Structures are given as C-alpha cells and as structure tokens.
Amino acid sequence: MRPTQQPVRKKTGMLKVHPDRPALEIGMVPEALDQFYWYMEELVAFCRAAGLATAGHKHEVIERVRRQLQHRAQPDLCKVAVVARKKTGEVVVRKFGLDEPIGPNYKCDAETRAFFESVIGPHFHFTAHLQRFRRARAEQALTYGDLAREWVEELERRKDKSYTPTIMHTWEYNTFVRDYMRDKQRNAGKTMKDAAAAWNAVRQSCGPRDYASSIACAAPPPG
C-alpha cells in the first residue's frame, strides 16, 4: 500500500506574525503600518485590490497604502503623463546638460550614463543613493547638474571611514543587521546568521523594529 503523498507547499518566505497584527485591508487604522511589519507581497496585494499602482520600492508602496487608509488622494502624475504620450504618439526627446531639468522622463539607461560619464568620469555608475536623492526631491526642479554634484559629494563622503550612509527607514533589515554587527560588546563572535535570527524575532513583534529598541529591555552585556 502506497503511503499518502503530502501536498507540496510553496515557500513564501513569510514567517508567523504578531498575534495582534490586524488584517491589511480597507478600514485598518493607518498607525498599524508603523506598529507591525508588513511583507511586500501583502502591500502589493492591498494595492492591487484597491486599484492602486503596485510598482516601485517598498517605501513607495507603503506610502500608497498609507494614503489609501488615510483617505488621501493618490499622486499619479507620471502614469497620466505616460498615458497621454501613448495617446498622442508624441516622441519625447531628452536633452542632457548640467542646467537641463531631469523631468518625468528621467531614466537610468545608457544615454544617461554616457552623459554622467562625460562630466564625472568613466568611474560613474548608478547608485541607490542617487535614486533616493532624486525620489526624495520629486517635487523640486532638479537638474542633471544637481544629480552630478550629489553623486560626487557622496563619493567624497564615503572616503571618510567614519561616514555612515543613510539607510531608508523601510530598509529595516539592513539597518538592524548593520547595528547588530557593530555592537561588538554584546555580539562578539556572532555571525550574519545570528543577526538574521535576531531580526526574524524582532519583526514578529509589535512596535519599533530597530536594534536599539530590541536591546532596550535586555540584560546589560557582561563585563
């Protein structure tokens, strides 16, 4: 007699969550977005059900969810512009120059890279910092020159060994692990696997998910 075959379960990478965490749906209090950890697939599913855009980085998707829960209007200017261009058949010609505005047609493509290499040097490459700098100032009249100067300034800042790059608040895992591994007094001899295990415990909790908060009530380190 053949043994009963167990169904294959698809791995989702989602761990158990705090028992008090509410369902991510219309009517949930907006404050819960900061009190609990949310997986990207949950946020995307909410946006899809609400008819919102699902593309973008996690902090962008969270902001759409937050606006929806707070009954605020969703800015979608880029989507409107793309639809308008498709309808009119207009060919958009991008201009490059230090004084040229980047506009809604900015792309991290070969043409843009070639321009930055011409003014910065062949060592130029697109960075996450430059993307964050641009997105954080989406409502400002940024130019290609502004981006070039920020790229060079960030390069100089990184030459200082004491400089700590800014990590966006939605990059919670990166921030937690970085701070965990830097705490040599408590975590001497610990590995990235230990840091990841500590993070998994923290993200299932309710409240702040930064490393400092996780050790606030812990026993003091030995010595």
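These are my notebook entries on a predicted model of one protein chain.

**Ground rules.** I number residues from 1 along each chain as its sequence is written, and I work with heavy atoms for side-chain values, leaving out hydrogens and water.

**Overall fold.** I looked up the secondary structure of the protein chain and found 11 helices and zero strands, where helices (H or I, at least four residues) and strands (E, at least two) are DSSP runs numbered from the N terminus. Of the 223 residues, 29% count as buried; I take buried as under 20% relative accessible area, exposed as over 50% and partly exposed as in between, with a 1.4 Å probe and protein chains only. I then turned to contacts (heavy atoms within 4.5 Å): among those between residues at least 6 apart in sequence, 47% join residues at least 24 apart.

**Nonpolar cores.** I searched for nonpolar cores, meaning sets of buried Ala, Val, Leu, Ile, Met, Phe, Trp, Tyr and Cys residues joined through side-chain atoms within 4.5 Å. The largest has 14 residues, and those touching the most other members are Leu 24, Met 28, Leu 33, Trp 38, Leu 43, Val 65 and Leu 69. Helices α1 (32-35), α2 (40-49) and α3 each supply at least two residues of this core, and the largest share, four residues, comes from α3. A second, separate core of 13 residues includes Tyr 106, Phe 124, Leu 142 and Leu 147. I note as background that nonpolar side chains tend to be buried together in soluble globular proteins. Returning to Leu 69, I listed its contacts, not counting residues up to four places away in sequence, and they are Glu 25, Ile 26, Gly 27, Met 28, Pro 30, Leu 33 and Phe 46.

I placed Gln 70 in the loop between α3 (58-69) and α4 (77-88), where it counts as partly exposed because its relative accessibility is 35%. The side chain of Gln 70 makes a polar contact with the side chain of Arg 72 at 2.8 Å; such a contact is a pair of N or O atoms within 3.5 Å, within protein one able to donate a hydrogen and the other to accept it, and residues adjacent in sequence count only if both atoms are side-chain atoms. From C-alpha to C-alpha, Gln 70 and Gly 27 are 9.3 Å apart in space, although 43 residues apart in sequence. His 71 belongs to the loop between α3 and α4; it is exposed, with a relative accessible area of 71%, and it has a positive phi of about 60° although it is not a glycine.

**Around α6 and α7.** In the loop between α6 and α7 I found Thr 143, which is buried, with a relative accessible area of 15%. Not counting residues up to four places away in sequence, Thr 143 touches Leu 98, Asp 99, Glu 100, Pro 101, Ile 102 and Arg 149.

Methods. Predicted model: local features only at pLDDT ≥ 70, side-chain atom pairs only at ≥ 80, totals over all residues.
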